[in-house]
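Hello,

Here is the structure I promised to pass on. Please open it alongside this email; my notes follow below.

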Amino acid sequence: MTAEPLVKLPENHPTADPSEWGKKNRPSEELSLVLNASIPPKEKASAVFEHCSGLMHNLMNEPVTEQLIEETSQPIIALAECVIADEDVSGSLLRITSHDYYTYTHCVNVGVKSLLIAKHMLKTADDNLMKELGVGFFLHDIGKSQVDPGILNKPGKLTEEEFGIMRNHPERGAELLKQANSLDEIRKITVLQHHEKIDGTGYPYGLKGDEFHQFGQICALADIYDALTAERSYKKGMTVFAALKLMKDKMSHHFDEKLFNSFIQLFIKEST
Ligand SMILES: [Fe+2]
């Protein structure tokens with residue numbers, strides 16, 4: 001198992017400078033062209049990642065409207081189609097999302113990893129379900145657009161008040177999507193449940209066992225993994241191996257055992 005990325009992003013790459021994101025956005029038609037082009041999987045995955053990071057930047061910085069959600073959903077659906085159909089691109093995406101951290105890239109990282117877990121686990125899932133799930137996973141943290149960046153990126157411990165604001169982001173996210181007329185059942189699950197834990201110690205509802213939906217569990221698993229491996233200004237990202245070991249040793253009561261084993265299998269599969 002190695003975290004060595006397949007694709008090295010150049011310094012002028014949009015994901016290397018968040019202030020550039022959004023300016024270089026390609027329309028969804030152009031993303032479809034990239035996905036359908038005969039280019040190496042590494043380049044294809046890099047282009048998809050770049051595009052989705054730009055979309056997330058827009059989504060977090062513009063008023064959430066039905067039209068914006070619709071515009072964002074189309075390329076994510078295209079990405080989900082690509083994950084469903086192309087094993088090589090899936091492998092490259094898994095490696096790209098193993099480094100770099102901002103709220104936008106976190107959404108993309110969690111979105112991609114959750115989709116890959118879902119693909120691995122729900123082998124009989126139909127394409128439509130995967131596309132709907134893709135949108136739900138990518139939107140899971142949309143409530144953070146309402147949280148002060150000073151709190152989001154605070155290096156030290158949060159005060160009780162700040163912690164309360166952070167803990168509120170799942171509900172704020174669901175409210176935002178509801179107001180934008182864009183809260184379907186799957187989005188409700190991924191947005192509201194991605195900080196729950198199977199032992200009932202998560203938030204906002206402290207769901208236990210079967211109350212914690214499988215789609216919410218998938219998103220929560222990818223969310224924790226990405227937080228551990230993310231490189232931030234104040235902390236080094238853990239290696240893939242160290243993160244998976246920590247999750248197995250100290251957090252196994254947060255996840256369903258079968259789901260976690262499936263997640264580990266994903267990395268074993270991609271590293272062999
Ligand atoms: Fe979150």
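This is a predicted model: local features need pLDDT of at least 70, side-chain atom pairs count only at pLDDT 80 or more; totals for chains, interfaces and linings use all residues.

His-194 is at 1% relative accessibility, so it counts as buried. His-195 has a relative accessible area of 17% and is buried as well. The cut-off for buried is under 20%.

**Overall fold**

The chain has 13 helices and zero strands. Read along the sequence, the pattern is α-α-α-α-α-α-α-α-α-α-α-α-α. There are 272 residues, and buried ones make up 53% of them. Take the contacts in the chain with a separation of 6 or more: 68% of these join residues 24 or more positions apart.

**Helices H9 and H10**

How do H9 and H10 run relative to each other, parallel or antiparallel? H9 covers residues 169-179, and H10 covers residues 185-193. They pack at an angle of about 155 degrees, with 7 Å between their axes. Angles over 145 degrees count as roughly antiparallel, and H9 and H10 are therefore roughly antiparallel to each other. On the H9 side, the contact is made by Pro-170, Glu-171, Gly-173, Ala-174 and Leu-177. On the H10 side, Arg-187, Val-191 and Leu-192 make the contact.

Val-191 deserves a look of its own. Val-191 lies in helix H10. Its relative accessible area is 0%, so Val-191 is buried. Leaving out residues up to four places away in sequence, Val-191 touches Leu-139, His-140, Pro-170, Gly-173, Ala-174 and Leu-177.

**Cysteines**

How many disulfides does a search of the whole structure find? The count is zero. Cys-107 is in no disulfide, and the nearest cysteine sulfur, that of Cys-219, lies 9.3 Å away. A disulfide needs the two sulfur atoms within 2.5 Å. Seen from Cys-219, the closest cysteine sulfur is in Cys-107, and 9.3 Å is too far for a bond. Cys-107, at 1% relative accessibility, counts as buried. Cys-219 has a relative accessible area of 0% and is also buried.

**His-254**

Where is His-254 found? His-254 is in the loop between helix H12 (240-250) and helix H13 (257-271). Is His-254 buried or exposed? With a relative accessible area of 11%, His-254 is buried. Its contacts, leaving aside neighbours within four places in sequence, are Lys-197, Ile-198, Asp-199, Phe-212 and Ile-224.

That is the handover.

Best wishes

Definitions and conventions. Residues are numbered from 1 along each chain as its sequence is written. Side-chain values use heavy atoms; hydrogens and water are left out. Buried means under 20% relative accessible area, exposed over 50%, partly exposed in between (1.4 Å probe, protein chains only). Axes are lines fitted to C-alpha atoms, for helices over the stretch in contact, and angles run from 0 to 180 degrees between N-to-C directions. Helices (H or I, at least four residues) and strands (E, at least two) are DSSP runs, numbered from the N terminus. Angles under 35 degrees count as roughly parallel, over 145 as roughly antiparallel, 65 to 115 as roughly perpendicular and the rest as oblique. Contact means heavy atoms within 4.5 Å.
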